[in-house]
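Have the viewer open as you read.

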Amino acid sequence: MDVVFLLGNGFDINIGMKTRYCDFYDYYFKQISLNNIIKTFKNNIKENIEDWADLELKLGEYLENLQENEAILIYNDLIKNLQKYIQSEEEKYSYDVDSNLIRKDLISPENYLRYVDSQFIKNNWKKDNENWRVRIISFNYTKSLEKLITFNNKRILIETINNYQRYIDTVEHIHGFTNDRMVLGVNDSKQIKNQNLRDCKKIIRRFIKPECNKTYGLNHSEKCTSWINVAQIICLYGLSLGETDKIWWNRVAKRLVNSSAILIIFKFDKYFQEIAGPDYEDKADEIRDLFLSKTQLTDSEKQNIYSKIYVSFNRDIFNAHLSKIEE
C-alpha cells in the first residue's frame, strides 16, 4: 500500500517556524535597495500588505506594467532575499524531538479522523498482509521534516508486522530548497497579467513553476506525479489549496477519479475544533468544495469522488514544537 503526503508551509508554521510571507516581508523591508524598481516593488507590498498575503499570485498580477528586464530584476532580488530569510530561520532551531511520533503519524494519518472514518479506512485499505510505503512531496524550501524524522535519503523502517514492513521511503521537494533550485511563481501563463510577457521564454522559465522545474532537468514533477498515480491514500497537510499550485490539486483529483484511492485533507482553523457532528460536516463540505473548485474535473466527476475526500481539523498530528538554539 502506498501513502503519499503533500506537505506545505503549514507544517513549518505548526512546529514554530516563522515562515509566513508576512514574516518574510518584515525582513525584506529592512534590506537596503538602491535600485528604484526594487524600491517601488517593496513600497507596493508595504502599502498593500493584505493584497500580498499570497505573494506568488500577487506577483503574477504585479508584472502587468513591467518590462522583461524589470520583472527579472525583481524576481532575482526576491529569490535572493527569500533564500537568506528562510535559511536563517531554519538554522535558528533545534530539531531534537521524538522522531518516532512524527514517523507514526506519517504511516497512520487516519488516526486523526473521526472514529467511523478511521475504522473504515483501516478495514478497507490498510491490510496487514502487505508492505506500507510512505512517500512525501514537500512544497517547502526547508528540510525541517527530514531533520525531525532523521531522514538521510535512506528508507526508514517504522515497524514490521507479520514479516511485512511499514516504512518511509523518500522525500521530494517539488519547489527546491533555499540553496538549490528554488522555485517561486504562478501555476500557468494565465496567472501572468501582462499578456506581452506570457510568451517570453525568460519570464516563463522563472515565473511559471512547472516550467521552472523543467529547466533543472531532474524530472521532479514527473516523479511526484507517478507517486500520486499509484497511491491508495493521499494526504494534504499545511497547504492552502491556492491558485498557484492548481496543477497538483488536479493531479490528486484525477487519481481519485481513476481509482479507489482516497484523500485526507488536514485543515488548520483556529476557530474550529469539531471532529464530528453537523458543524463538522458543514465545515468539511466547505473544504471539499474548495479543493474541487481548484480542479478541472467535470461536475459528474466531482460528485463521484466527493465521498472519497475526508477532512480533519485535528491539530494534534505532527505535534512537535521546536525550541530555539541559544546564542
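The lining of the second largest pocket splits into one nonpolar, five polar and five charged residues. That pocket holds about 210 Å³ of space. Keep in mind that this is a predicted model.

**Second largest pocket**

- If you want to pick out the lining, go for Asn-187, Asp-188 and Lys-190, then Lys-246, Ile-247, Asn-250 and Arg-251, and finally Ser-293, Lys-294, Thr-295 and Gln-296.
- Helix H12, residues 246-257, supplies the largest share of that lining, with four residues.

- You'll find Asn-187 in the loop that runs between strand E5 (164-173) and helix H9 (201-207).
- Is Asn-187 buried or exposed? Its relative accessibility is 10%, and buried means under 20%, so Asn-187 counts as buried.
- A polar atom of the Asn-187 side chain sits 3.1 Å from the backbone nitrogen of Lys-246. Lys-246 also belongs to the lining of the second largest pocket.
- Beyond its neighbours within four places in sequence, Asn-187 touches Ile-208 and Pro-210, as well as Glu-243, Thr-244, Asp-245, Lys-246 and Ile-247.

**Largest pocket**

- H1 gives the most, with five residues.
- By residue class, the lining of the largest pocket comes out as 14 nonpolar, 12 polar and 10 charged.

**His-220**

- His-220 is part of helix H11, which covers residues 220-228.
- With a relative accessibility of 8%, against a cut-off of under 20%, His-220 counts as buried too.
- Setting aside neighbours within four places in sequence, the contacts of His-220 are Glu-172, Ile-174, Arg-181 and Asn-213.

How values were computed: Residues numbered from 1 in each chain as written. Predicted model: local features only at pLDDT ≥ 70, side-chain atom pairs only at ≥ 80, totals over all residues. Heavy atoms only, no water. Helix = DSSP H or I, 4+ residues; strand = E, 2+ residues; numbered from the N terminus. Nonpolar A, V, L, I, M, F, W, Y, C, P; charged D, E, K, R; others polar. 1 Å grid on protein atoms, 1.4 Å probe; cavity = no way out; pocket = protein on both sides within 12 Å on 5 of 7 lines; lining within 4 Å. Points joined across faces, edges and corners; volume = space filled by probe spheres on them. Buried < 20%, exposed > 50% of the residue type's maximum accessible area, 1.4 Å probe, protein only. Polar contact = N/O pair within 3.5 Å; in protein donor to acceptor, adjacent residues only side chain to side chain. Contact = heavy atoms within 4.5 Å.
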